[in-house]
Amino acid sequence: MSVLHLNESEFNEKVNSSPVAMVDFWATWCGPCKMLAPVIEDIGAKYDGKAVVAKVDVDENQALAAKYGVMSIPTVIFFKDGKEIGRKVGVQPASAYTQTLDANL
Amino acid sequence: MPYDIAVVGGGPAGLSAAINARARNKSVLVVSNDYRESPLYRAKQVDNYLGMPGQSGAALLDAFYRHAEETGTVFRTGRVLNILPLDSTYCLSIGTEVEEARAVILCTGVSQGKKFPGEAAFLGRGVSYCATCDGMLYRSRPVAVVGLAPDAPEEANFLQGLGCRVTYVSGRRPEGLDPAISWVKAGRLEIVGEEAVTALRVNGTDTPAEGVFLLRHAVPPTDLLPGLTLEGGYVAVDREGRTSLPGVFAAGDCTGLPLQLAKAAGEGLVAGQRAAEYVDQLSDSEKIDSIKKGE
């Protein structure tokens, strides 16, 4: 599976252990998140083996959402060696996400 | 199956675009607020619509709506929050729903006012346009709802129901607002905070809020579709109603002056027909591609 669905305990392990990671904070009741889902899936497939592409359901992982100050969804946060290097709030075209990934790979 | 054409806005331009695209046998979805919320609906008398002087805005809009309905236009009540370009379609998010269309016609009317101070800076850090999207993230926290659209009280009640501590800001306390929600009379608004929003400032007095929900009638076109070119604050279009983005057309008040019914209906016709042509061309090139692949 190219897009990981992470909970709190998996988050540190997967995101911190990867040189570059991109995490989509989303929820089932959010229309824009549904719209973004295929874009994230696509990026996950393209960057398989190069970067961790993951999703966090903010409803099930409220502590993670709070820890990263996610206040609007979808929010996509980019990590390098476990440290946040940028975030994009709201739905954006695929290129907006891949540019950030490419610049950090 | 995506719709052929999604029309954003159900005023005269949108309805005219819809009937003209339906006349070319295109499937059409119109997404709008209740059309009775259109400013035209409140016009007592319209005297400059050709051959039909003295009609009320309400009578005209009722007739326009019926006409579009009879042609088989699909209507959806809601607010479009985002439009995302995919490979050969556009994806629209409407509240918690998603729809797909091959072409989009923006008929959003005039954007209501400027952004508030702090609005852009705190977007995603406390400022939200969608209660159903972001409400859960503010459970048990203080939030302010700036009610600029008729359905805003409902959204405020929804937030209160989730467990947010809601303060509602508007010109007067709306009917149907949950009695548990406190109300503040609107004035000069500013969104303040440091890392994230801490308060909504109304006429210099701070109402503590970690979230500020700005519920407007419509999301401005440039926020719907990043990359859309504007001209003098209006969506830039050519004579065919084409915007700067392929497959995206615009008609009516959102394209500029004069903000008049006849101009909106006329532009809607042009955009509806051109969008239908665009969809035909797209289908043709897809057919050619699939034949090539088959060879």
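How many residues of chain B are in contact with chain A? The count is 25, and they meet 17 residues of chain A. Contact means heavy atoms within 4.5 Å.

## Basis

The model is predicted: local features need pLDDT of at least 70, side-chain atom pairs count only at pLDDT 80 or more, and totals for chains, interfaces and linings use all residues. Residues are numbered from 1 along each chain as its sequence is written, chains are lettered from A and ligands numbered from 1 in the order written, and side-chain values use heavy atoms, with hydrogens and water left out.

## Interface

Chains B and A bury about 1800 Å² between them. Carbon and sulfur atoms give 67% of that area. Buried area is the accessible area (1.4 Å probe) that two parts lose on being put together, summed over both.

The rule finds 1 salt bridge across the interface. A:Asp59 pairs with B:Arg139, with the closest N and O atoms 3.2 Å apart. A salt bridge here is a side-chain nitrogen of Lys or Arg within 4 Å of a carboxyl oxygen of Asp or Glu.

## The chain B side

On chain B, strands E4 (80–85), E5 (90–94) and E6 (97–106) and helix H3 (131–134) each supply at least two residues of the side that touches chain A. E4(B) gives the most, with 4 residues. Helices (H or I, at least four residues) and strands (E, at least two) are DSSP runs, numbered from the N terminus.
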